[in-house]
Amino acid sequence: MAGLAASFGSGAMSNSMDDVSQKADAFFVIGSNTTEQHPVFGTMLRRAVRFRGAKLIVADPRRIDLCDFATLHLRQKPGTDIALLNGLMYIILDKGWEAKDFIAERTENFDEFKATIMEYPPTRVSEITGVPVNQLYEAAELMAASKPMAVIWAMGITQHISGVRNVMTLANLQMLLGNMGMPGGGVNPLRGQNNVQGACDMGGLPNVFPAYQPVTSPEAIEKFSKAWGLDYGLSTADRVSPSTVHRLSSTVGMTATEIIPGVLEGKTRALYILGEDPVMSDPDTNHVRECLEKVDFLVLQEIFPSETAVYADVLLPGVSFAEKTGTFTNTERRVQMVHKAIEPLGEAKPDWWITAELAKRILQTSEVLDAPFAGWDYTDTSAIMDEINALTPSYGGITHARIESGERLQWPCPTGEHPGTPILHVNKFARGLGKFMPIDDVPPAEEPNDDYPMVMSTGRVLYHWHGGQMTRRSKGLMEVYGEALIEVNPEDSQKLGLNGQNRVRVTSRRGSIEARAWITDRVPPGMVYANFHFPEASANELTQAVLDPVSKIPEYKVTAVKVELVS
Amino acid sequence: MTVNITLNGKKIEAQPGQTILDVAKENDYRIPTLCYHKDLSPTGNCRMCVVEVKGNRFLQAACVTQVWDEMEIETDSQKTITSRKLSLEQMLANHSPNCATCDVSGECDLQDLAYEYQVDAPEWGTKGTRYKVDSDPNPFIRVDFNKCILCRRCVLACAEVQVRDVWGVAQRGFEEIIVAGANTTMLEAHCESCGQCVAYCPTGALSNKLSYGQGIARARQVTKVTTTCSYCGVGCQFDLLVKHKKVIGVVSNPDAPVNGMALCVKGRYGYDYIHHPDRLKKPRVRRYLLEKKDKRLKGNAWDWIETDWDTALDITAGKLREARDTHGPDSVGVLTSAKCLNEENYLMNKLARQVIGTNNIDHCARL
Ligand code: SF4
Ligand code: SF4
């Protein structure tokens, strides 16, 4: 969430799902198929529209289910979000509908931003996006008239070469309308996996320690070195054994989408993968396979022999969420308990135990100094949480005991008395003033041409989850949705001569998959939609590893493909 | 402005607009209910919550009747009790008689009330099996309208919680029945299989197919463990049902902070992967590691061999240390997991940075 961090100083969802769904006068949902990806939040939006009369603007190339509830559906061409948003902001500025007081008091860089926006008059925007001019006006008017309006998005915004810029553009919109720091408003990126938020908060990122303390900051390095018993520039005389005591690296590391290709460049020699399935979830599957085949050593800690397990040298059996106790952090920064319901199956072990055992066996005593958190002897996850409390300011007061006693805690929650923070950026942005960013639209990396005339977008469906390791092993879910389906518009189906035949082959510059077609006007003509839940026809065989230059998120939402009938 | 009423002889101040049921609850008087649920619009159709209001010839349904100034209410008069018994008798007359083999026995509101009021199915009653048992092909939801008491909670749950309008009511009188869409199957009526209707159904008319026959409602055999969903970032909470060391089902926990009773199909019905036979139960290493051979050797070097934990952990630690010491800390990449606990992610971060000395750590937030 680098985009929000640049605009506001904090990258997380600013509001809570219940305040958004109960207090927003309007929702602007862009790049989120909420009712399928975040279903229960999707129903909260449907309730708000039906029972509270909240307005809903959906911007999505596909006619997703939520469109049935929308006041207005903008069907922009894939990869033209920035142009669309700049165009809406042009109209808002042109009509003088912007929140002048808010802009004056709480933001900076407005003039520079405005100069860029003025290059997006409605006719030009309509040409780029394919959205009719009158719909642009209608949307801008709805947005200006609805206070507060909440903006909601998901991977449909971030999985583009311009993902970070897309997010900053949405931040611009909410500042322009003055919808920040209040119930029912805000910027609300919905996190995909159950604990993506927590994995980020806990320093599962190459550039930050827990709570987004930069790995390049001397203060953070000193703090973690002291806590973990490492050398941070002790004078030679104070060093117990100067050559062996570890130092923290102060260079930003590689992202997942760089670590794996790093194998072929000789950068990555060994991989420790916990519960992830890069073969299914990463772009350009063939390339991923090649890398994993070549890596010197791969240890995979998993509950199933996934597609990635084929390449593993060691497979360590972890446990499911039903076999361990600890916490998850949901998309609205709420930390909640997970409770062990059954003993680990067979000889499987909780993942925290396995990681700690590995650490103990890798680390020689001479490599660390005596320090409060140098060791790895944890009796349970609440002992780990104590360490998190001490080193992670936003989690300082979030203990298992408090959650167990029924307190509902959303970070930041710095102390044991702090009640938590349901809404961010009230009265003041984390970075002080909110920063308007002048953003121009960037065309997708791969535009359709004569050889690959159609656009493929990828994502998930209601009944499955990610690489499908869990949901493909669920009987009922497979009964309802048991194979990969590729959504094809009726017009294209006619052109392809799909009558009666229902299998199609989709080919990109990188690979080819075959699957059954689902003829539906959910997708516009010229676009197909595929998922990555099934190894026999995973969309990631076709996607490319072009990344957003800042976030390194791959462009999953726009791939040029050709579609053929399989007879 | 307050409204002064007398409830079972006690003077009480209430707010205008409150129903008799609201006021009774606030003051710790229990009025039995069946079709009423606090999340759903009250309909007053089951007649269990009837109370006597002084001056009124007919009993009033407490869930839909608002209080007025100087209202005098009796919640447990002989007249109300007789009326409730009669209502229950009529419901039981239209209901399958086989409580003993019913999946929800133990957690059935109808059974509880029949017991409380000591009402059995009447002699003249039960018409036997009028409808097909397990009549809908939905893979998650088991439908048996022989047990339906036409309370309409399912209709309201679908319309007001899920906002999907799958269920409706058809016919009149004795033929009255709940139907999906225009009397089709649930999935054809655009059911999303969220199971909200099952969660709100007070009887065994709607139950869970995946756990059918495992006695999920029999409290003596089943433990409930409250936990957080392992699928998406909404963070719904629910109770796992555990019997004989197995997770046999999921039920809503009304106190869940984010979602209350609501869940989606994956959260409510996607739990069976936990006990799937593919689960890894023992550490495995490739044969070449045990025999200290080259991994690219032809033959059986790449076979999986199951080992004990010490062997697998020592091999792994040795290999990671070797990469770190020979090629430098940045030759090791660590992928942590957005499916794992905060505590586990913290440890992965600590392992990468403290133990290995690299910032090459990431997870699938981007994917
Ligand atoms: S199926 Fe259940 S919830 Fe629906 S009307 Fe019948 S008894 Fe009530
Ligand atoms: S029940 Fe559904 S909506 Fe709720 S957390 Fe689980 S997957 Fe997400």
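Helices here are DSSP runs of H or I with at least four residues and strands are runs of E with at least two, both numbered from the N terminus. The model is predicted.

Lys292(B) sits in the loop between α7 and β14 of chain B. Its phi is near 50°, a positive value in a residue other than glycine. Lys292(B) is exposed, with a relative accessible area of 76%.

Trp302(B) belongs to the loop between α7 and β14 (304-306) of chain B, while Tyr288(B) lies in helix α7 (residues 287-290), so their pairing ties together parts 14 residues apart in sequence. The ring centres of Tyr288(B) and Trp302(B) are 6.2 Å apart and the planes are at 10°; the pair is therefore stacked. Tyr288(B) is buried at a relative accessible area of 5%, whereas Trp302(B) is partly exposed at 30%.

## Helix α3 of chain B and what follows

Helix α3 of chain B spans residues 109-116, and Leu110(B), Leu113(B) and Ala114(B) are buried in it. Viewed down the axis of α3(B), the buried residues fall within an arc of 100°, so they line one face of the helix. The elements covering these buried residues include α2 (78-93) of chain B.

Another positive phi, near 55°, is found at Asp134(B), a residue other than glycine. Asp134(B) is placed in the loop between α3 and β6 (141-143) of chain B. With 28% relative accessibility, Asp134(B) counts as partly exposed.

## Ligand sites

Which residues surround ligand 2? From chain A they are Pro39(A) and Val40(A). From chain B they are Cys229(B), Tyr231(B), Cys232(B), Gly235(B), Cys236(B), Leu263(B), Cys264(B) and Gly267(B). Because residues from chains A and B surround ligand 2, the site is shared between chains. The shell around ligand 2 consists of 8 nonpolar and 2 polar residues, with no charged ones.

Ligand 1 is surrounded by 14 residues, of which the closest are Cys148(B), Cys151(B), Arg152(B), Cys154(B) and Cys201(B). The shell of ligand 1 divides into 11 nonpolar, 1 polar and 2 charged residues.

## Aromatic contacts

Over all chains, the whole structure contains 16 aromatic pairs. One of them is Phe113(A) with Phe436(A), a stacked pair at 4.5 Å centre to centre and 25° between the planes.

Phe209(A), Phe224(A), Trp228(A) and Tyr346(B) make up one aromatic cluster. Two lysines lie over tryptophan rings. Lys349(A) lies over the face of Trp353(A), 4.7 Å from the ring centre. Lys350(B) lies over the face of Trp376(A), at 4.7 Å from the ring centre.

## Cis peptide bonds in chain A

The peptide bond from Lys147(A) to Pro148(A) is cis, and its omega is near -10°. Pro148(A) is in the loop between α9 (133-145) and β5 (149-153) of chain A.

The bond from Trp411(A) to Pro412(A) is cis, with omega near 0°. Pro412(A) is found in the loop between β14 (409-410) and β15 of chain A.

Conventions. Residues are numbered from 1 along each chain as its sequence is written. Chains are lettered from A and ligands numbered from 1 in the order in which they are written. This is a predicted model: local features need pLDDT of at least 70, side-chain atom pairs count only at pLDDT 80 or more; totals for chains, interfaces and linings use all residues. Side-chain values use heavy atoms; hydrogens and water are left out. Buried means under 20% relative accessible area, exposed over 50%, partly exposed in between (1.4 Å probe, protein chains only). The arc is that of the directions from the helix axis to the C-beta atoms. Contact means heavy atoms within 4.5 Å. A residue is near a molecule or strand if one of its heavy atoms lies within 4 Å of it. Ala, Val, Leu, Ile, Met, Phe, Trp, Tyr, Cys and Pro count as nonpolar, Asp, Glu, Lys and Arg as charged, and the others, Gly among them, as polar. Rings of Phe, Tyr and Trp (its six-membered ring) pair if their centres lie within 6.5 Å; planes under 30 degrees apart count as stacked, over 60 as edge-to-face and the rest as tilted. A charge sits over a ring if NZ of Lys or CZ of Arg is within 6 Å of the ring centre and within 35 degrees of the ring normal.
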